[in-house]
Amino acid sequence: MSSRREFLEDAVRGAVAGALAGLPAATAAPSTLAETPSAAPPIPDSDIGSLYPFVRSQAVKGEFPLSFLQAEFKDLRAWKERARRTVFDLLHYAPPAVDPQAEILERTDHGDYVEERVLFNTTPDIRVPAFVLLPKATGGRKAPGIVALHDHGGFYFWGKEKLVEGASEHPVLTDFKRESYAGRSIASDLARAGYVVVVIDMFYWGDRRMVLADDPPDWRERPPTVIAERIAAFNRRAGESESLVSRTIEAAGFTWPGVMFWDDIRTVDYLASRPEVDASRIGCVGLSVGAVRSAHLAALDDRIKAAVVVCWMTSFPAQLQHRVVHTIGHTKLVPGLYRLLDYPDVASLAMPAALLVINGSRDGLFEPAGVQAAFDTLAACYAKAGRPDRLRTRLYDTPHVFNAEMQREAWDWLARHLAG
(Lines give C-alpha, C1' and ligand atoms only; values in the text may rest on other atoms or scores of the structure.)
Protein backbone atom coordinates (compact mmCIF):
# COMPACT_ATOMS: atom_id res chain seq x y z
CA MET A 1 0.00 0.00 0.00
CA SER A 2 1.43 3.36 -0.99
CA SER A 3 1.99 6.04 1.57
CA ARG A 4 -0.16 9.17 1.73
CA ARG A 5 2.74 11.22 0.29
CA GLU A 6 3.15 8.87 -2.67
CA PHE A 7 -0.60 9.01 -3.27
CA LEU A 8 -0.59 12.79 -3.42
CA GLU A 9 2.44 12.91 -5.76
CA ASP A 10 0.74 10.43 -8.12
CA ALA A 11 -2.45 12.48 -8.07
CA VAL A 12 -0.59 15.70 -8.97
CA ARG A 13 1.29 14.00 -11.80
CA GLY A 14 -1.96 12.64 -13.15
CA ALA A 15 -3.69 16.01 -13.02
CA VAL A 16 -0.83 17.73 -14.84
CA ALA A 17 -0.72 15.02 -17.50
CA GLY A 18 -4.46 15.31 -18.03
CA ALA A 19 -4.28 19.09 -18.35
CA LEU A 20 -1.46 18.91 -20.88
CA ALA A 21 -3.27 16.28 -22.89
CA GLY A 22 -6.09 18.74 -23.53
CA LEU A 23 -3.80 21.46 -24.92
CA PRO A 24 -2.54 21.92 -28.50
CA ALA A 25 0.81 20.27 -29.11
CA ALA A 26 2.66 23.56 -29.56
CA THR A 27 1.38 24.90 -26.24
CA ALA A 28 2.14 21.75 -24.30
CA ALA A 29 5.69 21.41 -25.67
CA PRO A 30 8.48 21.76 -23.11
CA SER A 31 9.97 24.65 -25.16
CA THR A 32 7.22 26.92 -23.79
CA LEU A 33 8.97 26.85 -20.41
CA ALA A 34 12.05 28.63 -21.84
CA GLU A 35 10.69 31.23 -24.21
CA THR A 36 13.22 33.73 -25.63
CA PRO A 37 13.10 36.90 -23.52
CA SER A 38 12.23 40.18 -25.23
CA ALA A 39 15.24 42.05 -26.60
CA ALA A 40 16.97 44.40 -24.15
CA PRO A 41 16.61 48.10 -24.96
CA PRO A 42 19.57 49.50 -26.91
CA ILE A 43 22.27 51.20 -24.86
CA PRO A 44 22.12 54.96 -25.51
CA ASP A 45 24.90 56.75 -27.34
CA SER A 46 26.16 58.62 -24.27
CA ASP A 47 29.36 58.89 -22.29
CA ILE A 48 27.49 57.26 -19.39
CA GLY A 49 25.76 54.65 -21.57
CA SER A 50 22.84 52.84 -20.00
CA LEU A 51 22.69 55.32 -17.10
CA TYR A 52 21.94 58.29 -19.33
CA PRO A 53 18.12 57.90 -19.61
CA PHE A 54 17.74 58.02 -15.82
CA VAL A 55 20.08 60.98 -15.40
CA ARG A 56 18.40 62.86 -18.24
CA SER A 57 14.98 62.18 -16.75
CA GLN A 58 16.03 64.01 -13.60
CA ALA A 59 17.22 67.16 -15.40
CA VAL A 60 14.92 70.16 -15.55
CA LYS A 61 12.83 70.46 -18.70
CA GLY A 62 11.71 73.89 -19.83
CA GLU A 63 12.26 76.96 -17.70
CA PHE A 64 14.09 76.41 -14.43
CA PRO A 65 12.05 77.09 -11.27
CA LEU A 66 14.11 80.12 -10.21
CA SER A 67 14.72 81.54 -13.69
CA PHE A 68 13.82 85.20 -14.12
CA LEU A 69 11.74 84.00 -17.07
CA GLN A 70 9.19 82.39 -14.76
CA ALA A 71 5.97 84.43 -14.84
CA GLU A 72 5.95 84.87 -11.06
CA PHE A 73 9.11 87.02 -11.18
CA LYS A 74 8.22 90.55 -12.19
CA ASP A 75 10.56 92.70 -10.09
CA LEU A 76 14.23 92.38 -11.03
CA ARG A 77 15.60 93.50 -7.68
CA ALA A 78 13.41 91.09 -5.69
CA TRP A 79 14.26 88.19 -7.99
CA LYS A 80 17.99 88.90 -7.75
CA GLU A 81 17.85 88.97 -3.97
CA ARG A 82 16.08 85.62 -3.83
CA ALA A 83 18.15 83.88 -6.51
CA ARG A 84 21.48 85.20 -5.21
CA ARG A 85 20.66 84.05 -1.70
CA THR A 86 20.03 80.59 -3.12
CA VAL A 87 23.37 80.52 -4.96
CA PHE A 88 25.29 81.70 -1.90
CA ASP A 89 23.54 79.15 0.33
CA LEU A 90 24.44 76.28 -2.02
CA LEU A 91 28.11 77.26 -2.06
CA HIS A 92 28.34 76.25 1.62
CA TYR A 93 31.17 78.72 2.05
CA ALA A 94 30.78 82.25 3.39
CA PRO A 95 33.99 83.80 4.71
CA PRO A 96 33.54 86.96 6.75
CA ALA A 97 34.42 90.34 5.33
CA VAL A 98 38.05 91.10 6.03
CA ASP A 99 40.52 93.95 5.72
CA PRO A 100 42.75 93.03 2.74
CA GLN A 101 45.89 94.09 4.66
CA ALA A 102 47.69 94.27 1.34
CA GLU A 103 51.46 93.97 1.23
CA ILE A 104 53.46 95.08 -1.82
CA LEU A 105 56.32 92.63 -2.31
CA GLU A 106 57.85 94.04 -5.48
CA ARG A 107 57.36 96.81 -8.04
CA THR A 108 58.46 96.57 -11.68
CA ASP A 109 58.30 99.35 -14.26
CA HIS A 110 57.05 98.14 -17.65
CA GLY A 111 57.12 101.52 -19.35
CA ASP A 112 53.40 102.09 -19.88
CA TYR A 113 52.44 100.65 -16.52
CA VAL A 114 53.86 99.58 -13.18
CA GLU A 115 53.44 96.02 -11.97
CA GLU A 116 53.06 95.34 -8.28
CA ARG A 117 53.38 91.85 -6.85
CA VAL A 118 51.14 91.82 -3.79
CA LEU A 119 49.56 89.66 -1.12
CA PHE A 120 46.16 90.40 0.38
CA ASN A 121 43.56 88.62 2.50
CA THR A 122 40.41 87.10 1.08
CA THR A 123 39.56 85.42 4.40
CA PRO A 124 41.06 85.84 7.86
CA ASP A 125 43.30 82.84 7.08
CA ILE A 126 44.08 83.11 3.36
CA ARG A 127 46.48 85.57 1.78
CA VAL A 128 46.18 85.51 -1.98
CA PRO A 129 49.10 86.27 -4.32
CA ALA A 130 48.29 88.75 -7.09
CA PHE A 131 49.62 91.15 -9.66
CA VAL A 132 48.28 94.68 -9.73
CA LEU A 133 49.00 96.63 -12.92
CA LEU A 134 48.87 100.42 -12.65
CA PRO A 135 48.68 102.46 -15.89
CA LYS A 136 50.79 105.59 -16.04
CA ALA A 137 48.77 107.66 -18.52
CA THR A 138 45.80 108.49 -16.31
CA GLY A 139 46.28 112.25 -16.16
CA GLY A 140 46.06 112.08 -12.38
CA ARG A 141 42.46 110.83 -12.52
CA LYS A 142 41.10 107.67 -11.00
CA ALA A 143 41.02 104.86 -13.53
CA PRO A 144 38.46 102.11 -14.12
CA GLY A 145 39.38 98.72 -12.70
CA ILE A 146 39.40 95.24 -14.19
CA VAL A 147 39.47 91.87 -12.44
CA ALA A 148 41.24 89.62 -14.97
CA LEU A 149 40.50 85.94 -14.35
CA HIS A 150 42.82 83.24 -15.62
CA ASP A 151 41.72 79.98 -17.24
CA HIS A 152 41.95 76.31 -16.30
CA GLY A 153 43.52 74.89 -19.45
CA GLY A 154 44.74 71.76 -17.68
CA PHE A 155 47.74 74.00 -16.92
CA TYR A 156 48.24 74.39 -13.17
CA PHE A 157 51.95 75.18 -12.90
CA TRP A 158 51.25 78.88 -13.34
CA GLY A 159 48.06 80.90 -12.83
CA LYS A 160 48.17 84.70 -12.84
CA GLU A 161 51.28 84.62 -15.04
CA LYS A 162 49.09 83.42 -17.92
CA LEU A 163 47.69 86.96 -18.22
CA VAL A 164 50.71 89.14 -17.37
CA GLU A 165 53.95 89.81 -19.22
CA GLY A 166 57.10 88.45 -17.63
CA ALA A 167 60.64 89.66 -18.17
CA SER A 168 61.94 86.10 -18.47
CA GLU A 169 58.83 84.13 -19.40
CA HIS A 170 59.25 80.38 -19.63
CA PRO A 171 58.89 79.06 -23.23
CA VAL A 172 56.14 76.67 -22.11
CA LEU A 173 54.11 79.60 -20.79
CA THR A 174 54.77 81.57 -23.97
CA ASP A 175 53.50 78.63 -26.04
CA PHE A 176 50.37 78.38 -23.90
CA LYS A 177 49.59 82.07 -24.44
CA ARG A 178 50.11 81.64 -28.17
CA GLU A 179 47.59 78.80 -28.30
CA SER A 180 44.97 80.29 -25.96
CA TYR A 181 45.35 84.09 -26.12
CA ALA A 182 46.79 84.78 -29.59
CA GLY A 183 50.16 85.26 -27.90
CA ARG A 184 48.92 88.20 -25.83
CA SER A 185 49.20 88.90 -22.10
CA ILE A 186 45.71 90.32 -21.78
CA ALA A 187 46.07 91.87 -18.32
CA SER A 188 49.11 93.82 -19.54
CA ASP A 189 47.20 94.94 -22.65
CA LEU A 190 44.35 96.20 -20.47
CA ALA A 191 46.77 98.14 -18.25
CA ARG A 192 48.22 99.82 -21.33
CA ALA A 193 44.64 100.74 -22.28
CA GLY A 194 44.27 102.67 -19.02
CA TYR A 195 42.76 100.18 -16.58
CA VAL A 196 44.01 99.25 -13.13
CA VAL A 197 44.09 95.48 -13.43
CA VAL A 198 44.27 92.86 -10.71
CA VAL A 199 44.82 89.16 -11.37
CA ILE A 200 45.09 86.54 -8.62
CA ASP A 201 46.09 82.90 -8.55
CA MET A 202 42.94 80.81 -8.36
CA PHE A 203 42.92 78.13 -5.67
CA TYR A 204 44.94 75.11 -6.96
CA TRP A 205 46.89 77.14 -9.56
CA GLY A 206 50.24 78.92 -9.58
CA ASP A 207 51.48 79.89 -6.12
CA ARG A 208 48.39 78.11 -4.74
CA ARG A 209 49.03 74.84 -6.57
CA MET A 210 49.04 71.54 -4.67
CA VAL A 211 52.55 70.57 -3.56
CA LEU A 212 53.12 67.28 -1.74
CA ALA A 213 55.68 66.59 0.98
CA ASP A 214 57.85 64.39 -1.22
CA ASP A 215 57.66 66.52 -4.39
CA PRO A 216 61.03 67.20 -6.07
CA PRO A 217 62.62 70.68 -5.98
CA ASP A 218 61.62 71.64 -9.53
CA TRP A 219 57.91 71.20 -8.65
CA ARG A 220 58.27 72.96 -5.30
CA GLU A 221 60.41 75.89 -6.47
CA ARG A 222 59.59 76.28 -10.21
CA PRO A 223 63.10 77.36 -11.24
CA PRO A 224 63.52 79.03 -14.66
CA THR A 225 65.43 75.94 -15.80
CA VAL A 226 62.52 73.52 -15.26
CA ILE A 227 62.03 71.56 -18.48
CA ALA A 228 58.80 71.22 -20.44
CA GLU A 229 58.42 67.52 -19.65
CA ARG A 230 58.51 68.21 -15.92
CA ILE A 231 55.89 70.96 -16.24
CA ALA A 232 53.68 68.60 -18.25
CA ALA A 233 54.12 65.88 -15.62
CA PHE A 234 53.09 68.26 -12.85
CA ASN A 235 50.02 69.34 -14.83
CA ARG A 236 49.05 65.69 -15.36
CA ARG A 237 49.37 64.95 -11.67
CA ALA A 238 47.32 68.03 -10.77
CA GLY A 239 44.60 67.08 -13.25
CA GLU A 240 44.38 63.54 -11.95
CA SER A 241 44.18 64.85 -8.38
CA GLU A 242 41.28 67.27 -8.91
CA SER A 243 38.75 64.61 -7.93
CA LEU A 244 40.56 63.83 -4.67
CA VAL A 245 40.91 67.49 -3.79
CA SER A 246 37.23 68.10 -4.52
CA ARG A 247 36.13 65.10 -2.47
CA THR A 248 38.34 66.24 0.40
CA ILE A 249 36.85 69.74 0.25
CA GLU A 250 33.32 68.36 0.21
CA ALA A 251 34.13 66.01 3.08
CA ALA A 252 35.08 69.14 5.03
CA GLY A 253 31.64 70.58 4.29
CA PHE A 254 32.22 73.28 1.67
CA THR A 255 32.63 73.56 -2.12
CA TRP A 256 35.39 74.37 -4.55
CA PRO A 257 33.26 76.94 -6.43
CA GLY A 258 32.58 78.61 -3.08
CA VAL A 259 36.29 79.25 -2.57
CA MET A 260 36.71 80.37 -6.17
CA PHE A 261 33.78 82.79 -6.29
CA TRP A 262 34.38 84.30 -2.85
CA ASP A 263 38.07 84.88 -3.60
CA ASP A 264 36.99 86.80 -6.70
CA ILE A 265 34.45 88.88 -4.74
CA ARG A 266 37.09 89.71 -2.15
CA THR A 267 39.41 90.68 -4.99
CA VAL A 268 36.83 93.32 -5.96
CA ASP A 269 36.95 94.49 -2.33
CA TYR A 270 40.68 94.98 -2.64
CA LEU A 271 40.56 96.58 -6.09
CA ALA A 272 37.85 99.03 -5.00
CA SER A 273 39.99 100.01 -2.01
CA ARG A 274 42.90 101.12 -4.18
CA PRO A 275 43.17 104.93 -4.35
CA GLU A 276 43.99 104.74 -8.07
CA VAL A 277 40.63 103.06 -8.88
CA ASP A 278 37.22 104.55 -9.64
CA ALA A 279 35.12 102.01 -7.73
CA SER A 280 32.02 102.92 -9.77
CA ARG A 281 33.70 101.57 -12.94
CA ILE A 282 34.81 97.98 -12.38
CA GLY A 283 34.64 95.17 -14.91
CA CYS A 284 35.85 91.59 -15.29
CA VAL A 285 36.97 89.28 -18.07
CA GLY A 286 37.99 85.65 -18.38
CA LEU A 287 38.47 82.70 -20.73
CA SER A 288 37.19 79.17 -20.01
CA VAL A 289 37.06 78.67 -16.24
CA GLY A 290 37.97 82.36 -16.15
CA ALA A 291 34.69 82.89 -18.03
CA VAL A 292 32.82 80.89 -15.39
CA ARG A 293 34.44 83.11 -12.78
CA SER A 294 33.59 86.25 -14.77
CA ALA A 295 29.95 85.23 -15.19
CA HIS A 296 29.55 84.42 -11.50
CA LEU A 297 31.41 87.49 -10.31
CA ALA A 298 29.09 89.75 -12.32
CA ALA A 299 26.13 87.67 -11.14
CA LEU A 300 26.99 87.88 -7.45
CA ASP A 301 28.47 91.37 -7.11
CA ASP A 302 26.68 94.52 -8.28
CA ARG A 303 29.95 96.45 -8.27
CA ILE A 304 30.74 94.77 -11.59
CA LYS A 305 29.39 97.10 -14.28
CA ALA A 306 30.65 95.23 -17.35
CA ALA A 307 31.71 91.62 -17.85
CA VAL A 308 33.19 89.56 -20.67
CA VAL A 309 32.61 85.79 -20.69
CA VAL A 310 34.74 83.95 -23.26
CA CYS A 311 34.18 80.31 -24.26
CA TRP A 312 32.06 79.11 -21.37
CA MET A 313 28.37 79.54 -21.95
CA THR A 314 25.91 76.69 -22.37
CA SER A 315 22.71 75.18 -21.02
CA PHE A 316 23.60 72.38 -18.60
CA PRO A 317 20.93 69.84 -19.68
CA ALA A 318 22.38 69.90 -23.20
CA GLN A 319 25.78 68.87 -21.84
CA LEU A 320 24.67 65.68 -20.12
CA GLN A 321 24.84 63.19 -22.98
CA HIS A 322 28.38 63.77 -24.22
CA ARG A 323 29.94 67.01 -23.00
CA VAL A 324 30.44 66.63 -19.26
CA VAL A 325 33.66 64.61 -19.41
CA HIS A 326 35.99 67.45 -20.48
CA THR A 327 33.82 70.44 -19.57
CA ILE A 328 32.00 70.39 -16.26
CA GLY A 329 34.65 69.68 -13.66
CA HIS A 330 34.85 69.96 -9.91
CA THR A 331 35.68 73.66 -10.11
CA LYS A 332 32.29 74.42 -11.65
CA LEU A 333 29.73 72.23 -9.88
CA VAL A 334 27.48 73.76 -7.23
CA PRO A 335 25.49 70.79 -5.86
CA GLY A 336 21.74 71.24 -6.22
CA LEU A 337 21.90 74.56 -8.07
CA TYR A 338 20.97 73.12 -11.47
CA ARG A 339 17.57 71.97 -10.29
CA LEU A 340 16.74 75.64 -9.76
CA LEU A 341 18.78 77.76 -12.16
CA ASP A 342 20.47 76.89 -15.44
CA TYR A 343 23.93 78.36 -16.02
CA PRO A 344 22.60 81.22 -18.22
CA ASP A 345 20.00 81.94 -15.53
CA VAL A 346 22.85 82.39 -13.07
CA ALA A 347 24.69 84.65 -15.52
CA SER A 348 21.55 86.75 -15.94
CA LEU A 349 21.85 87.73 -12.27
CA ALA A 350 24.37 90.25 -13.59
CA MET A 351 21.49 92.35 -14.96
CA PRO A 352 21.52 95.24 -15.60
CA ALA A 353 25.34 95.07 -15.89
CA ALA A 354 26.68 94.99 -19.44
CA LEU A 355 27.41 91.37 -20.41
CA LEU A 356 29.33 90.24 -23.50
CA VAL A 357 29.29 86.47 -24.07
CA ILE A 358 31.56 84.98 -26.74
CA ASN A 359 31.74 81.30 -27.74
CA GLY A 360 33.49 79.43 -30.53
CA SER A 361 31.43 77.44 -33.03
CA ARG A 362 34.25 74.87 -33.24
CA ASP A 363 34.63 74.57 -29.47
CA GLY A 364 34.20 70.85 -28.85
CA LEU A 365 33.52 71.36 -25.16
CA PHE A 366 29.95 72.46 -25.77
CA GLU A 367 26.87 71.04 -27.44
CA PRO A 368 25.95 73.64 -30.11
CA ALA A 369 22.25 73.45 -29.26
CA GLY A 370 23.13 74.14 -25.63
CA VAL A 371 25.11 77.25 -26.55
CA GLN A 372 22.20 78.60 -28.58
CA ALA A 373 19.73 77.76 -25.81
CA ALA A 374 21.90 79.69 -23.35
CA PHE A 375 22.10 82.68 -25.70
CA ASP A 376 18.30 82.59 -26.05
CA THR A 377 17.78 82.46 -22.29
CA LEU A 378 20.11 85.40 -21.71
CA ALA A 379 18.42 87.43 -24.45
CA ALA A 380 14.97 86.71 -23.02
CA CYS A 381 16.09 87.65 -19.49
CA TYR A 382 17.67 90.94 -20.55
CA ALA A 383 14.60 91.76 -22.65
CA LYS A 384 12.28 91.04 -19.71
CA ALA A 385 14.45 93.30 -17.54
CA GLY A 386 14.06 96.05 -20.13
CA ARG A 387 17.78 96.20 -20.94
CA PRO A 388 18.39 94.25 -24.15
CA ASP A 389 21.04 96.81 -25.10
CA ARG A 390 23.21 95.62 -22.19
CA LEU A 391 23.71 92.13 -23.62
CA ARG A 392 25.64 90.90 -26.62
CA THR A 393 26.13 87.22 -27.49
CA ARG A 394 28.46 86.24 -30.31
CA LEU A 395 29.55 82.99 -31.93
CA TYR A 396 32.96 83.08 -33.59
CA ASP A 397 34.28 80.48 -36.04
CA THR A 398 36.94 79.34 -33.59
CA PRO A 399 37.82 76.53 -31.19
CA HIS A 400 38.29 77.08 -27.44
CA VAL A 401 40.45 80.23 -27.57
CA PHE A 402 40.40 83.97 -26.91
CA ASN A 403 41.82 85.14 -30.22
CA ALA A 404 42.81 88.61 -31.41
CA GLU A 405 39.44 89.36 -33.04
CA MET A 406 37.59 88.35 -29.88
CA GLN A 407 39.93 90.49 -27.79
CA ARG A 408 39.25 93.55 -29.94
CA GLU A 409 35.51 93.15 -29.42
CA ALA A 410 35.98 92.54 -25.70
CA TRP A 411 38.13 95.64 -25.19
CA ASP A 412 35.64 97.74 -27.17
CA TRP A 413 32.84 96.43 -24.97
CA LEU A 414 34.67 97.26 -21.75
CA ALA A 415 35.67 100.71 -22.98
CA ARG A 416 32.09 101.48 -24.02
CA HIS A 417 30.59 100.50 -20.66
CA LEU A 418 33.32 101.64 -18.27
CA ALA A 419 34.09 104.99 -19.86
CA GLY A 420 34.18 107.92 -17.45
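Is Val 198 buried or exposed? Select Val 198 and look around it before reading on. Keep in mind that this model is predicted.

**Stop 1: Val 198.** Val 198 sits in strand S5, which covers residues 196–200. Its relative accessible area is 0%, and a residue counts as buried under 20%, so Val 198 is buried. Leaving aside neighbours within four places in sequence, the contacts of Val 198 include Ala 130, Phe 131, Val 132, Thr 267 and Leu 271.

Stop 2: In soluble globular proteins, nonpolar side chains tend to be buried together. Here the largest nonpolar core has 120 residues, and Trp 79, Val 197, Leu 355, Phe 402 and Leu 414 touch the most other members. Colour helix H9 (residues 256–273) next: H9 gives the most to this core, with nine residues. Then zoom in on Leu 414, which touches Ile 146, Leu 190, Tyr 195, Cys 284, Ala 306, Val 308 and Ala 419, not counting residues up to four places away in sequence.

**Stop 3: two crossing helices.** Show helix H4 (residues 76–91) and helix H10 (residues 289–300), whose axes come within 10 Å and cross at roughly 125 degrees. That angle makes H4 oblique to H10. Where do they meet? Select Arg 84, Val 87 and Phe 88 in H4, then Ala 298, Ala 299 and Leu 300 in H10. By class, this contact has five nonpolar residues, one charged residue and no polar ones.

Note on methods
Residues are numbered from 1 along each chain as its sequence is written. This is a predicted model: local features need pLDDT of at least 70, side-chain atom pairs count only at pLDDT 80 or more; totals for chains, interfaces and linings use all residues. Side-chain values use heavy atoms; hydrogens and water are left out. A nonpolar core is a set of buried Ala, Val, Leu, Ile, Met, Phe, Trp, Tyr and Cys residues joined through side-chain atoms within 4.5 Å. Buried means under 20% relative accessible area, exposed over 50%, partly exposed in between (1.4 Å probe, protein chains only). Helices (H or I, at least four residues) and strands (E, at least two) are DSSP runs, numbered from the N terminus. Contact means heavy atoms within 4.5 Å. Axes are lines fitted to C-alpha atoms, for helices over the stretch in contact, and angles run from 0 to 180 degrees between N-to-C directions. Angles under 35 degrees count as roughly parallel, over 145 as roughly antiparallel, 65 to 115 as roughly perpendicular and the rest as oblique. Ala, Val, Leu, Ile, Met, Phe, Trp, Tyr, Cys and Pro count as nonpolar, Asp, Glu, Lys and Arg as charged, and the others, Gly among them, as polar.
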